[in-house]
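This briefing covers one protein chain, grouped by topic. The sequence and structure come first, followed by the overall figures and then the local detail.

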Amino acid sequence: MKKVLSILSNSYLMNEPELVNKTKYILLYISNNLLIRLYCVCMCFLYSCEPENNSVFKIHFSDGNRITDSDIIFYDSSSHCLFLKNEIKIKAKTDFSVIVNKQTIYRGVVQSKLDSNSPFSPFYINEVNSIFGKNIIEIQYNKNYPPDLRNDPQIINSLKSRNFLRNGISCNIDSIVIENAAIGNVNVSYNLTIINNDNYNYYVINKGFVDVMFMNIDTYALWYLKSNPTQEEMPVYTLNNFSLLKSNSKLTRTVKFLNSYRMEPGYYQVTCTILHGGFENLSINQDSGRIWLGKAISVIDSLRID
């Protein structure tokens, strides 16, 4: 600006052509400076908004929390778990919206740790930190409110385009045999196939961490075979307690139970759940693969028990 003032102070000594040229120079100088400053302001503004505006997938919470692309490690479509780079703490009874390309796919609530019942919402997140880890959000679904939109194609495609999608582990009950159902001391034996749906190696626990639930379709009576240890029963695990399930491979196990309860004859829905929580003394990331965390479910809709 000193240069501009100097030119202006000496303008009365110039002839008309010189004055015109100098005036053009002054106007160009001022214009360029204003454009540069305006450009800097705009770039700062755009840079500050970039993570939010450029994020294809978002979760907005009514308490002000936000999850965007920059927060995500990956999403496991089999267990509906979102793995984050950092821990996140959200309050009970907070609403949330899952958004893709500025379009809300579904809404849900954060369930209070004091409420043991499923909330009156199709989709919910537990207020208590996930059993899988403090930086992992499990999005759960109340099956009384179809449809299940957690793996909506728009969500899957958006996460896949950013390399945030994993398909995790699934399981199938191949066969099941039940003996002595009507007289008690029931023997249950079933073959369970565990499938790795990813291009990553996963470690899966050798035994335990499997729940089987029988529900009488006519009477809604429940009968459980529970092998998941309680927190007090949890042993100190080493990598020797796991099997390496290589990418895109599967393994089959035979599981046997003995239970003293009598089962009434009829048709039952059978639900088998593999549940891998956190293992505090083990790093999730190992040299040959990753310890899989999540929940995989297999269902037989109708099994006759005589």
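Buried residues make up 40% of the 306 residues in the chain, where buried means under 20% relative accessible area, exposed means over 50% and partly exposed lies in between (1.4 Å probe, protein chains only). The model is predicted: local features need pLDDT of at least 70, side-chain atom pairs count only at pLDDT 80 or more, and totals for chains, interfaces and linings use all residues. Residues are numbered from 1 along each chain as its sequence is written, and side-chain values use heavy atoms, with hydrogens and water left out.

**Overall fold**

- The chain has three helices and 20 strands; helices (H or I, at least four residues) and strands (E, at least two) are DSSP runs, numbered from the N terminus.
- Of the contacts in the chain with a separation of 6 or more, 65% are between residues 24 or more positions apart, a contact being heavy atoms within 4.5 Å.

**Salt bridges**

- Four salt bridges are found in a search of the whole structure, each defined as a side-chain nitrogen of Lys or Arg within 4 Å of a carboxyl oxygen of Asp or Glu.
- One of them joins the side chains of Arg162 and Asp69 at 2.6 Å, N to O. Arg162 sits in the loop between helix 3 (153-161) and strand 10 (165-166), and Asp69 in the loop between strand 2 (66-67) and strand 3 (72-76), so the pair ties together parts that are 93 residues apart in sequence.
- Arg162 is partly exposed at 35% relative accessibility, whereas Asp69 is buried at 7%.
- Lys295 and Glu138 form another salt bridge, with the closest N and O atoms 3.3 Å apart. Lys295 belongs to strand 20 (residues 294-305) and Glu138 to strand 8 (residues 136-138), so this pair ties together parts that are 157 residues apart in sequence.
- Lys295 is partly exposed, with a relative accessible area of 25%, and Glu138 is buried at 13% relative accessibility.
- Arg150 pairs with Asp148 in a salt bridge whose closest N and O atoms are 2.8 Å apart. Arg150 is buried at 12% relative accessibility, while Asp148 is partly exposed at 35%.

**Surroundings of Tyr141**

- Tyr141 lies in strand 9 (residues 140-141) and is buried, with a relative accessible area of 18%.
- Not counting residues up to four places away in sequence, Tyr141 touches Pro122, Phe123, Tyr124, Pro146, Pro147, Asp148 and Arg150. Asp148 and Arg150 are also salt-bridge partners.
- Pro122 is 19 residues from Tyr141 along the chain, and their C-alpha atoms are separated by 5.5 Å.
- The Tyr141 side chain reaches the backbone oxygen of Tyr145 at 3.1 Å.

**Second largest pocket**

- The second largest pocket holds about 230 Å³ of space. A pocket is an open set of points on a 1 Å grid over the protein atoms alone, where a 1.4 Å probe fits, with protein on both sides within 12 Å along at least five of seven lines; lining residues have an atom within 4 Å of a point. Its volume is the space filled by probe spheres set on the points.
- The lining includes Ile73, Phe74, Lys160, Leu165, Arg166, Asp198 and Tyr200, as well as Asn163, Asn167, Asn197, Asn199 and Asn248.
- Strand 3 and strand 10 each supply at least two residues of this lining.
- By class, the lining has four nonpolar, five polar and three charged residues. Ala, Val, Leu, Ile, Met, Phe, Trp, Tyr, Cys and Pro count as nonpolar, Asp, Glu, Lys and Arg as charged, and the others, Gly among them, as polar.

Methods. Polar contact = N/O pair within 3.5 Å; in protein donor to acceptor, adjacent residues only side chain to side chain.
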